[in-house]
Amino acid sequence: MKLKLIAGCTIAAMAIGSAALAQQAPVSNYNYHDAFAPFFYTKNGSEFRAADGQPGPKYWQNRADYQLNAKLNDQTNEVVGSEVLNYTNNSPQKLDFLWMQLDQNLFKNGSRGSAIIPPSGSRNGGRGDMSQGGYNIKSVKLVGGKGAGTDVKYIINDTRMQIFLPQGVEANGGQIKLAIEYSFIVPNYGSDRTGIQDTKNGKIYTVAQWYPRMYVYDDVQGWNMLPYTGPSEFYLEYGDFDLNITAPANHIVVASGELQNPAEVYTPEQVKRWAAAEKSDQTVIIRSADEVTNAASRPAGKKELTWHFKIKNARDASWASSASFIIDAAKMNLPSGKKSTAISAYPVESNGNDAWGRSTEYVKKSIEYNSKQWFEYPYPAATAVAGVVGGMEYPGIVFCSYRAKKGDLWGVNDHEFGHTWFPMIVGSNERLYGWMDEGFNTFINTLSTKDFNNGEYAGKKQDVQKIGAYITRPEFEPVMSNPENLKENNNGILLYFKPGLGLSMLREQILGPERFDFAFRTYINRWAFKHPTPDDFFRTMENAGGESLQWFWRGWFTNNWRLDIGVRDVKYVGGDASKGALITLDNLEKMPFPTTLEIKTVSGKVSRLNLPVEIWERNNSFIVKYPSTEEIQSVIFDPDKASPDYNPDNNVWKK
């Protein structure tokens with residue numbers, strides 16, 4: 001096998017028996033049988049999930065369509081709601097009961113989530129008095145068919161409601177409709193996902209987890225009915241949403257999806273501005289800072305207005321409401337030519353070109369890039385809302401801190417709308433595998449940030465060695481951990497940064513951009529609006545990328561293995577540098593990795609040698625025969641600091 005050097009020469013790489021090593025090998029923790037062991041996958045492919053990572057011929061998933069009505073009282077902070085759920089059971093099993101999520105019950109005294117918050121505090125929970133928190137479920141009734149209008153028995157346990165069905169829901173397409181009446185008090189701070197922000201011109205309500213939602217019933221473990229305690233996010237069915245939000249007439253409401261009745265809730269002048277924004281690449285002001293306190297900027301004659309939104313093939317819907325909103329918008333240019341609009345809603349305090357005045361530009365550019373790179377944005381609008389929430393994503397709408405500015409605002413808008421792809425399009429189970437949305441999204445953010453305005457907010461090149469030393473410390477859990485099972489301060493590393501870095505290394509150091517991008521797009525397209533597991537991702541990347549990557553999944557994701565490759569020694573064939581050099585490498589820790597060497601000779605000639613990961617497939621130490629014609633001055637492993645080698649002290653050999 002021949003390998004190409006930067007300088008244009010070729011070398012033959014060969015393994016030499018341990019007896020021929022030039023000097024005593026250091027103690028190594030590396031075991032190539034563990035790293036390259038067979039049978040990484042514990043299950044064979046099935047008719048539901050194929051062995052190559054795509055949905056099988058009998059893949060199925062259930063569906064939940066919602067008609068939702070809510071009324072906001074901005075004096076009491078109460079939301080009074082009604083819901084009609086149309087649930088379709090596409091599974092091969094009849095369902096005699098259903099499970100629904102009551103996430104607002106996290107903010108109720110005595111909830112499991114409040115009980116596990118440490119004395120030092122947490123971003124989870126309600127941060128304060130929760131005596132009024134939680135749902136008041138007023139009724140659950142059947143809609144349509146036999147028994148329409150009758151009450152249905154249910155039991156509430158913390159954040160879960162089990163509904164017992166008189167007739168059950170038949171398999172293979174059976175349906176049931178339920179009507180639910182409820183209310184709750186919006187928490188001031190709800191796990192950094194929902195809440196209320198006071199501004200000088202009124203409260204901003206960012207309202208999420210605001211209606212009883214279906215748990216997922218799937219082919220992997222049936223009902224996925226883990227309680228909501230705050231750290232982990234959501235696993236939801238897809239469906240169509242029809243929303244009616246009633247709010248005080250001086251409020252502006254934004255929500256998931258497309259506004260159906262703009263002429264009823266905006267002034268004639270604002271409707272004209274909306275029409276202009278939908279054709280403009282530049283941001284158009286719909287309601288200016290000067291107009292926020294002007295009564296004429298809202299339709300006259302009513303105390304309340306009802307805002308009607310629709311969004312299709314989504315897994316959730318959320319909304320925000322405030323009298324303080326500045327609104328601006330611009331069109332987004334999607335690859336197919338499909339119409340979609342970038343929108344921002346923010347208070348006067350957040351205005352300005354160093355802050356939310358550029359938000360719509362950020363939203364537009366982020367979504368346009370990811371639509372071209374990965375999969376087209378599927379919704380008619382994308383709305384960024386400034387409020388109390390630091391950063392949280394929902395289909396077609398995100399909540400971000402009203403204090404964010406410049407690169408921080410770009411970063412949070414880019415990240416939260418990056419979640420459109422993971423998990424809004426690719427609907428993984430965030431409750432169990434948070435890294436499959438946070439980590440994947442962190443990865444795509446690196447590319448969109450590099451692209452935005454030719455890297456306006458791009459940071460300096462990462463020193464992966466230094467980062468690797470930190471994120472593979474023994475006290476960290478594996479990435480493949482339930483988010484609820486992680487120390488709270490480890491979430492950022494293990495859900496976001498480490499899996500994101502893993503994909504970057506896979507793209508840049510292992511597969512290369514062309515093979516990686518094809519495989520990653522294949523994964524997105526296969527599992528768009530479906531429910532993949534980690535195995536489905538791993539199998540797709542291997543089959544579409546054309547590479548066995550089980551050593552990488554095993555070391556970086558399912559274990560917290562470290563990398564330490566050292567350059568031990570340089571000798572010459574027969575003691576003559578003109579006959580070739582023998583470079584001895586050691587793998588001293590548990591993880592293998594492709595090996596790049598930079599070789600400098602005494603005359604100053606520099607060349608690169610790229611060795612595949614397979615040199616570690618049956619060796620703890622490896623000798624490379626390099627075709628030198630003169631003495632070698634130095635050999636450096638990983639000269640670009642692009643691998644997570646935690647111990648750089650042994651990376652350099654010098655004459």
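Reader: At roughly what angle do the axes of helix α9 and helix α10 cross?

Author: Two packed helices are described by the angle between their axes and the distance between the axes. This is a predicted model, where local features need pLDDT of at least 70, side-chain atom pairs count only at pLDDT 80 or more, and totals for chains, interfaces and linings use all residues. Residues are numbered from 1 along each chain as its sequence is written, and side-chain values use heavy atoms, without hydrogens and water. Here the axes of α9 (residues 464-471) and α10 (residues 491-511) cross at roughly 140° and come within 12 Å.

Reader: Which residues of α9 and α10 meet?

Author: Contact means heavy atoms within 4.5 Å. Val-464, Ile-467, Tyr-470 and Ile-471 in α9 meet Ile-493, Phe-497, Lys-498, Leu-501 and Met-505 in α10. By class, this contact has eight nonpolar, no polar and one charged residues.

Reader: Now to Ser-122: is Ser-122 buried or exposed?

Author: Buried means under 20% relative accessible area, exposed over 50%, with a 1.4 Å probe and protein chains only. Ser-122 has a relative accessible area of 11%, so it is buried. Ser-122 sits in the loop between α2 (112-115) and β6 (136-142).

Reader: Which side chain does the side chain of Ser-122 join in a polar contact?

Author: A polar contact is a pair of N or O atoms within 3.5 Å, where within protein one must be able to donate a hydrogen and the other to accept it. The side chains of Ser-122 and Glu-488 are joined by one of 2.8 Å. A polar atom of the Ser-122 side chain also lies 2.9 Å from the backbone nitrogen of Asn-124.

Key: Helix = DSSP H or I, 4+ residues; strand = E, 2+ residues; numbered from the N terminus. Axes fitted to C-alpha atoms, helices over the stretch in contact; angles between N-to-C directions. Nonpolar A, V, L, I, M, F, W, Y, C, P; charged D, E, K, R; others polar.
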